[in-house]
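Please open the model in your viewer and keep the selection panel at hand. The stops below move from a sheet to a pair of helices and then to charged side chains.

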Amino acid sequence: MNKTMGILAHVDGGKTTLSEQLLYQSGQVRTLGKVDDASSRLDQDEMERRRGITIFSHSAWFSQEGDRYYLLDTPGHTDFFGQTERCLWALDVAVLMVSIPEGIRGHTLTLWRLLRQQHIPTILFLNKADQPGVDPQALLAQCRERLSPDLIPMDGFDGVFSAAQREELAALEDTLCDAFLSGEEDPGFWAVRAGELFSQRSWFPVITGSALQGTGVKELLALLKLLPTQYSNQGEPKGLVYQIRYDEKNTPMAFCKLTGGTLETRTPLTLTDTGEVVKAGQLKIPLGGKLTPTQQVQAGEVFVMLPAQEILSCGTGFGGEPSKRLAQTAPLLTVQAVYPDSYSLPEMAQLFHRLEREEPSLQVQLSGEKLTLRSMGAIQLEILQDLLARQGVQVSFTKPNILYQETLSSPVTGYGHYEPLRHYAEVHLRLEPGQRGSGIVFESRVSTDVLEQNWQNLIRTHVLEQVPTGVLTGSPVTDLKVILVAARAHLKHTEGGDFRQATYRAIRQGLMQARQRGQILLLEPIYRYEMLVPADTAGKVNGLLAALAGQPDPPCFTGDWTELSGAAPVEQMLPLLEQLPALTGGRGSAATTFAGYAPCHNTDQVVEQRGYDPIRDINHPADSIFCSHGAGFTVPWEQVKEYVHLPAE
């Protein structure tokens, strides 16, 4: 039976150390790898060993009592949360580690919430019980209060439930309650039913131990045996790509989970979303930095397929397995890359797009001569610099800015005309506000009798191929419905690039009209926050939260602690989160979740700070080009409507 488990925790929570203990105590490796002396088999990258943290998710496997377990060791730092979230797509069970000395951290709450959303059975491992002065029982009580009341201690579990453990399980349902009251002690009965309830997240085993000393690992292995899995080797192979990495030869590798069927080299795979067919390349089984070739992969196994064709990306499903998209990872900072003059923009874009394939949340964009990307934080940017330095390129980044967005508050029609000598295209686009979070949507209301379908398809491509640049702060435009209401081509002079120019100019011209009318809405990112602070500091922290342009919830008082929650702009929350340790004497914790975009609370201030002048942005012209007496001439955006050839609204 194949099962995939993931180790999750806050940074320095002991994930890699526990992973090494599992490999060692299961007999997969003969010597115990350690993080401190850089002998870990999982943190293979030089940057990881130098920093002593996990940067990339790593895979390994071990066998125990006839079952094979695939182990995913995930990054703990929030800057690399995207990798952690993608690993969850492959999991059958998760081990969430909580450091007893540090207690529940904000990142712990975020991980717990995500595991709950994805319905992944979870084992809680209370780590560092070997440190002096720790109080595991106090932490267990806090976990029951903040995570779930259905946490059952399983210390000493060897596959057979003790009387005390059976009593706690009996409280879960009537079947177990009746069995307990009747004196049922059959280990097989309790294992099967408890395993079923475990897989349904009806209860959560808790282990108190020490990853460093290896205590608690035997209980963990025994608990993993309880979990039933149902994978079938019959039918078409299906599965999911959860990670893309490049090896030392720059060969792209697709890390996958096979959820059904049997896969062999060169087997055709039908992509779930598009119906396109690709052939499986070489198949390999990962063990840390080592890849072992295999001719066949069975359902439930984690494997590597290489080379990973360009059509494969993180989250691609095949054989009918649904594709996945990140739910929680939303970089809210944007930076610009600064690179040597000896490199051209296309060369740098190629390097960054390779990084983007490994980490899709970067969302690399080209704007004129600028190369911008989204970032989770400073540590991630440092790692990107190191990765590019390996390619011989020294890159730096500008100071991160909050990623604002722009949208419309009222409809407007934009006009774009492109007619230098021997070129022709005209496009009229109705721009309407879309639902929050809808992005850019295209619709055509032009008959194919008026404009051929191939030209309409081209206009659609140009509308959707890049995010429009806003005219208020230069931020990305979102939540916009773009409707083609009129367009014209020339039988002799129109080329594909002409419609690109006309389309871009029509969108920009419409946005400029909206700006002039005060119909551009600036949007800012919002955090949903949850804080746990000592009661004696709650008044001070709550006072600061109340001063934000957000929506605080009523405080919840639980003994010596106070829970504070609500929603507030990211721009205001970031400084407060940095101050939280000082405000609470290092005892407070906070978890934040991206809660979407909302109208900016200080638009005038942001606009003034950005100092963006849309007229001077020559890379995004709103003017149009017309032709007269054999020569092209420019018409300013505010006059274009008077010059267009088709009837204007």
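Two strands are taken as paired if DSSP finds at least two bridges between them, and the helices (H or I, at least four residues) and strands (E, at least two) are DSSP runs, numbered from the N terminus. This is a predicted model, in which local features need pLDDT of at least 70 and side-chain atom pairs count only at pLDDT 80 or more, while totals for chains, interfaces and linings use all residues. Residues are numbered from 1 along each chain as its sequence is written, and side-chain values use heavy atoms, with hydrogens and water left out.

**The sheet**

Select Ile-152 to begin, and you will find it opposite Pro-205 in S7. Strand S7 (residues 204-208) runs parallel to S6, and three bridges join them. Widening the selection shows an open sheet of seven strands with mixed pairing, in the order S2-S3-S1-S4-S5-S7-S6. Its edge strands, each pairing on one side only, are S2 (58-64) and S6 (151-153).

**A helix pair**

Now select helix H6 (residues 163-170) and helix H7 (residues 174-181), whose axes come within 8 Å and cross at roughly 140°. In the contact, Ala-163, Arg-166, Glu-167, Leu-169 and Ala-170 of H6 meet Leu-176, Cys-177 and Phe-180 of H7.

Where does H4 take part in a link between distant parts of the chain? Select Arg-113 in helix H4 and Glu-530 in strand S28 (residues 520-534), which lie 417 residues apart. They form a salt bridge, with the closest N and O atoms 3.2 Å apart; the term requires a side-chain nitrogen of Lys or Arg within 4 Å of a carboxyl oxygen of Asp or Glu. Arg-113 counts as buried at 11% relative accessibility, whereas Glu-530, at 30%, counts as partly exposed; buried means under 20% relative accessible area, exposed over 50%, and partly exposed in between (1.4 Å probe, protein chains only).

Finally, move to Glu-301, which forms a salt bridge with Arg-68 at 3.5 Å between the closest N and O atoms. Glu-301 is buried, with a relative accessible area of 9%, while Arg-68 is partly exposed at 24%.

Notes. Axes are lines fitted to C-alpha atoms, for helices over the stretch in contact, and angles run from 0 to 180 degrees between N-to-C directions. Contact means heavy atoms within 4.5 Å.
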